[in-house]
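Here is a short briefing on one chain, arranged by topic for reading beside the model.

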Amino acid sequence: MSGPANRVEISGVVTELKALRHTPAGVPVIEFRLRHESERIEAGAKRKVNAEIEAVAFEAQARLLAAGTLGRQLKAEGFLCAKSRQSRKPVLHVTNIEFMEGN
């Protein structure tokens, strides 16, 4: 797909996991929060990075998350989209999840 770029890849810990529900069309959906912590180089110096992001997953990815537990480490890939027509706050729409080993 061409056009403006909107791709996010982030790893973190699931800190909030809402119940699996279904859209009016019957599509499984789950909302969750992901906490990320790492170190990055910025302006030539190490910087501690931490953030929490709201996320949503549909279909198979939603079912995977629903079967998981809080505190689970994962890598998520997806894109950012406004939460709703009323709220322009960005939400990560997850299209791929990879659970990290050892968690």
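The chain carries 16 positive and 12 negative side chains, and the centres of these two sets lie 4 Å apart. Lys and Arg count as positive here and Asp and Glu as negative, while His and the chain ends are not counted; each charge is placed at NZ of Lys, CZ of Arg, CG of Asp or CD of Glu. The model is predicted, with local features needing pLDDT of at least 70 and side-chain atom pairs counting only at pLDDT 80 or more, whereas totals for chains, interfaces and linings use all residues. Residues are numbered from 1 along each chain as its sequence is written, and side-chain values use heavy atoms, with hydrogens and water left out.

**Overall fold**
- The C-alpha trace spans about 50 × 35 × 25 Å along its principal axes.

**Strand pairing**
- Strands β3 (residues 28-42) and β4 (residues 45-58) run antiparallel and are joined by 14 bridges, where pairing requires that DSSP finds at least two bridges between two strands.
- Glu-31 has Val-56 in β4 as its bridge partner.
- The hairpin of β3 and β4 leaves two residues between the strands, and Ala-43 in the turn has a positive phi of about 55°.
- β4 also runs parallel to β6 (residues 90-99), with three bridges joining them, and Ala-55 stands opposite Leu-92 in β6.

**Burial**
- Of the 103 residues, 28% count as buried, meaning under 20% relative accessible area with a 1.4 Å probe, protein chains only.

Note on methods:
Buried means under 20% relative accessible area, exposed over 50%, partly exposed in between (1.4 Å probe, protein chains only). Helices (H or I, at least four residues) and strands (E, at least two) are DSSP runs, numbered from the N terminus.
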